Amino acid sequence: MLALTELGQRLRQERESKGLSLEDLQKLTKIQKRYLLGIEEGNYEVMPGKFYVRAFIKQYCEAIGLDTDAIFEEYKSDIPSTQTEDMPQQLSRVRSRKEIPQHTKGVSKAYDYLPTVLVVAGVVVVGIIIWVIAQNIVSVKNKEQANQEAPNSEVQQSNTQEETNETTAKNDNSNSEDEQSAADKKEQEKEKAEKEKAAKEKAEKEKAEKEKKDSGKQEYKEVQKTGRSATYALSGTDAFNLEVTSTQADTWLDVKNGKGNAFFSSILKKGETKEFDLTKETEARVNIGYSPGVELKVNGKAVDLPFDSSKQVRQVVTIQYQPAEAQ
C-alpha cells in the first residue's frame, strides 16, 4: 500500500464524508476503481498517461462536489503537468496559377475549338428544319383523323357522360357512408374519453379524501436516537408511502424492509425522486449517504431528518409502521 499524498488524503476524506465507496464513485464517474485508488494513493504510474491523470482527478472532484480549479491550484505540486507539441506545417508544392500566362493560353484554345463549334451549329440548324417539317406532317394527319371520328364522338361522349354520372352517384353514396362512419367513430371516441375522464376524476377525488382522512389521524413520532441512527413510529393511517428526493447533490440511498430485503440500493441523482409503497411492510430502514438537501415525505407529508445534516452527513432512519385497522 503506497503512502497517500496530501491531495489523495483530501479526496478520500471528502469521499468518505459523503458515505461513498470506491465502487459508488466508479458508478458515478465511469472511471475504473484501480485508477480512482491510484489517485488517492498518488500512484499515477497505473494511469494510461499524464493527460488522463488530470482528467480523472477533475472527474473525481466534480463527483464529490469539490471546486476543480481550487484543487488544481492548491495541490499543483502533486499533479503532473501535460505538454502539447505543435504539429509541423506542410509546405505547398503546388505552383501558383499566376505564374502561367493566361492571355496566350485563351487565344490558342479559342482557335482550336472554332471548327468544332461551326460543325455543331450546322447540325443544330438541320435538326430544327427536320423537326418543323415533321410537326407539319403530324398536324395534317391529326386533322384528317379528327374529321373521320367526328360522327362517333357524340355517341361515345354520351356513353361516357352516363358512366360518369353513375360513378359520381356511387362516389357520393360511398362518401356519405364514410362520413357517417367517421362521425360515429368520433362520437364513440368522445364518449370513451368522457368516461375515462370521469373515472380518473373519481379516483383522484377518492384518493384525496383518503389522504385527507388519513392525515388527520397520522402520527409520526420519534422513538429513539443513537449515533447516526434514529427510529420513528408511524401509526393512525392505513397507508405507508415514502418519498425520497435529493435536491443538492447525488447521494447513496439504500431502502430495505425489516427482513433486509432491498427496495432500492444505488445512487440517487440530484433532482431525482424515488417513491416506495411500503403499506404491506411493518418496518423500513432508510440509509442516506449524503443527507444535505435530502427531503423525506411520509404519505405526502414532509418529515424532518433526525439530525442536522451539516453535522451528521450520513443518517439512517428506521420507520416502524402499524396500520390503523390493526390498532
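This is a predicted model: local features need pLDDT of at least 70, side-chain atom pairs count only at pLDDT 80 or more; totals for chains, interfaces and linings use all residues.
Of the contacts in the protein chain between residues at least 6 apart in sequence, 65% join residues at least 24 apart, where a contact means heavy atoms within 4.5 Å. Residues are numbered from 1 along each chain as its sequence is written, and side-chain values use heavy atoms, with hydrogens and water left out.

**The chain as a whole**

- The protein chain has six helices and ten strands; these are DSSP runs, numbered from the N terminus, with helices being H or I of at least four residues and strands E of at least two.
- Buried residues account for 26% of the 327 residues in the protein chain. Here buried is under 20% relative accessible area, exposed is over 50%, and partly exposed is in between, using a 1.4 Å probe and protein chains only.

**How the helices pack**

- Helix H2 (residues 22-29) packs against helix H4 (residues 50-64) at about 105 degrees, with the axes 10 Å apart. Axes are lines fitted to C-alpha atoms, for helices over the stretch in contact, and the angles run from 0 to 180 degrees between N-to-C directions.
- H2 and H4 are therefore roughly perpendicular to each other. For the angle words, under 35 degrees is roughly parallel, over 145 roughly antiparallel, 65 to 115 roughly perpendicular, and the rest oblique.
- On the H2 side, the contact uses Leu-25, Leu-28 and Thr-29, and H4 brings Gln-59, Tyr-60, Ala-63 and Ile-64.
- Sorted by type, the residues of the H2 and H4 contact are five nonpolar, two polar and no charged. Nonpolar covers Ala, Val, Leu, Ile, Met, Phe, Trp, Tyr, Cys and Pro; charged covers Asp, Glu, Lys and Arg; the others, Gly among them, are polar.
- The axes of H1 and H3 come within 6 Å and cross at roughly 120 degrees, which makes H1 oblique to H3.
- In that pairing, Gly-8, Gln-9, Leu-11, Arg-12 and Arg-15 of H1 meet Leu-37, Ile-39 and Glu-40 of H3.

**Helix H3 and its cover**

- Helix H3 (residues 33-41) has Tyr-35, Leu-36, Gly-38, Ile-39, Glu-40 and Glu-41 as its buried residues.
- Helix H1 (6-17), H2 and H4 are included in what covers those buried residues of H3.

**Rings and a charge**

- There are six aromatic pairs. To pair, rings of Phe, Tyr and Trp (its six-membered ring) need centres within 6.5 Å; planes under 30 degrees apart are stacked, over 60 edge-to-face, and the rest tilted.
- Phe-240 and Tyr-321 have ring centres 5.3 Å apart and planes at 45 degrees, so this pair is tilted.
- Phe-240 sits in the loop between strand S2 (229-235) and strand S3 (241-246), and Tyr-321 in strand S10 (residues 315-321), so the pair ties together parts 81 residues apart in sequence.
- Phe-240 is buried at 0% relative accessible area, and Tyr-321 is buried too, at 5%.
- Tyr-35, Phe-51, Tyr-52 and Phe-56 form one aromatic cluster.
- The charged end of Lys-225 sits over the ring of Phe-307, 5.2 Å from its centre. The rule wants NZ of Lys or CZ of Arg within 6 Å of the ring centre and within 35 degrees of the ring normal.

**Positive phi outside glycine**

- Lys-30 is not a glycine, yet its phi is positive, about 65 degrees.
- Lys-30 lies in the loop between H2 and H3 and is exposed, at 70% relative accessibility.
- Asn-299, also not a glycine, has a positive phi near 55 degrees, and lies in the loop between strand S8 (294-298) and strand S9 (301-303).
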